[in-house]
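Welcome, and thanks for taking a look at this one with us.

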Amino acid sequence: MNFFAVALAGSGAGPVEIALRSLAEFSGGRQVTVVGRTERIDALSAAFLNAASANVHDFCDTHVRTVIHPTAPVAAALLAFAELRPVSGSDLLLALILGNEVQARIGLAMSPSHYDKGWHITSTCGVFGAAAGGGKLAALNERQMVWALGSAATQSAGLCECLGTPAKSASVGNAARNGLWSALLAEKGFDGPPEPLAGRQGFYHALGETPDLSGITAGWGESWEIMATSYKPYPCGFVIHPVLDCVLDWRRDNPVADVTRVVVRGHPLLGVRADRPDISTGREAQVSVQHVVAAALVTGKAGLDQFTDACVNDDSVRKVRGKVEVLRDDGFSTIAAAVEITTADGKTHNLSQTAARGSDANPMADSDLESKLRVAAAGWDPHHDVTPLIEAVWALDQSADVSGLASLAVPR
């Protein structure tokens, strides 16, 4: 449900439009649906575009311990596969869960050092999730699955330096595309190394990691990392969400207050990724806590409209942005934050959030996710009724053929 919401929201974004035009020049096929678009394209390009659409607004789900955005690369690959060959809903769900588990556990084995070094972990690990999920649908045997992971490992890439720019979406799209391709190659006998992850020059060691392999195997088949997935009510970096909860709640009760200073305190990752006071584009705004706070205080909202170039360059928002200070504190989890707001009357307002809305400790309801999808659909085409898509998602485990699922997300 969340995947279709964020893919629809992103399907008309500038970077996705550019990527579609570029890929269409090289695609001779019209096999597979592009979410939110009337155009059809080859399966690998569709996997790329649907993953990029789902991630472009930073509105997709988050595995909190690794900060992987898990569904975008995996679901995009599996939905493309399902339009190539018959796939039941229960098989699709199983492949989604297993692909999610594989990428999360590979990420856990090297977190947080991998992300801290600057690797965009959604992309670098997402390619393994897409390969494993695609391999499950292709019914790969054990040997072939290792081959698929080998091809995925040698195509793993993505840099955090690209966050806040369209280039970020390229690596997320490639994670879906290359993961699916790796599975299809292995099915045809395209082999790879016997130890692609922990080999002497394998994935972990080539990246300078000393992996904790217990992250791969601990509780395997008993505890599931997909259950630790958080969903976003706001289209920006998840570490910013507890800050937004505080500010929006306060702004609702104090709509005309004159704010003179804001001090944000949170997990060090909040500072590392989102302490960006000097920005000029909506893409950069998605990873700027200063902008998020300012836009929320000025508009009282935190939707897609608050992450546009126009909002970033609004004089009133820019003025408040300069009043926001960010402090790093190891005592906070990534889903918690504290905000101190000082107003012109000299009063100080101390706010806190222990578990951001949408986190597994404070989850969004199913109805909230439905609403997110309806809002996204209305923003793309107000005449498109997504009720059939919502009903199909909830009945997915009973579906004998899911080849038409993505087409329900195309306005007609």
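A cavity here is a set of grid points where a 1.4 Å probe fits but cannot get out, whereas a pocket is an open set. With that in hand, please keep in mind that the model is predicted. The structure holds one cavity of 30 Å³ or more, and an open sheet of four strands is also part of the picture.

**The sheet**

- Reading across the open sheet, the four strands come in the order E6-E5-E7-E8, and their pairing is mixed.
- Strand E6 (324-328) and strand E8 (348-353) form the edges, each pairing on one side only.
- On average, neighbouring strands of this sheet are turned by 15° against each other, with direction ignored.
- Seven bridges join strand E5 (residues 259-266) to strand E7 (residues 337-343), and the two pair in the antiparallel sense.

- Helix H12 (residues 241-253) lies across E5, E7 and E8, and it runs at about 35° to E7.
- Helix H15 (residues 289-299) also packs on the sheet, where it touches E5, E6 and E7.
- The direction of helix H15 makes about 135° with that of E5.

**The largest cavity**

- The space in the largest cavity comes to about 230 Å³.
- Its lining is made up of 18 residues, and those nearest the centre are Val 67, His 69, Tyr 115, Gly 237 and Phe 238.
- Helix H13 (residues 268-274) gives the most to this lining, with three residues.
- Sorted by class, the lining of the largest cavity has nine nonpolar, six polar and three charged residues.

**The largest pocket**

- About 840 Å³ of space lies in the largest pocket.
- Around the largest pocket there are 33 lining residues, with Met 1, Asn 2, Leu 96, Ile 226 and Tyr 231 nearest its centre.
- Elements that give two or more residues to this lining are helix H1 (2-10), helix H4 (71-82), helix H5 (89-108), helix H18 (366-380) and helix H19 (387-394).
- By class, the lining of the largest pocket has 23 nonpolar residues, along with six polar and four charged ones.

Key: Residues are numbered from 1 along each chain as its sequence is written. This is a predicted model: local features need pLDDT of at least 70, side-chain atom pairs count only at pLDDT 80 or more; totals for chains, interfaces and linings use all residues. Side-chain values use heavy atoms; hydrogens and water are left out. Two strands pair if DSSP finds at least two bridges between them. Axes are lines fitted to C-alpha atoms, for helices over the stretch in contact, and angles run from 0 to 180 degrees between N-to-C directions. Contact means heavy atoms within 4.5 Å. On a 1 Å grid over the protein atoms alone, a cavity is a set of points where a 1.4 Å probe fits but cannot get out, and a pocket is an open set with protein on both sides within 12 Å along at least five of seven lines; lining residues have an atom within 4 Å of a point. Grid points are joined across faces, edges and corners, and a volume is the space filled by probe spheres set on the points. Ala, Val, Leu, Ile, Met, Phe, Trp, Tyr, Cys and Pro count as nonpolar, Asp, Glu, Lys and Arg as charged, and the others, Gly among them, as polar.
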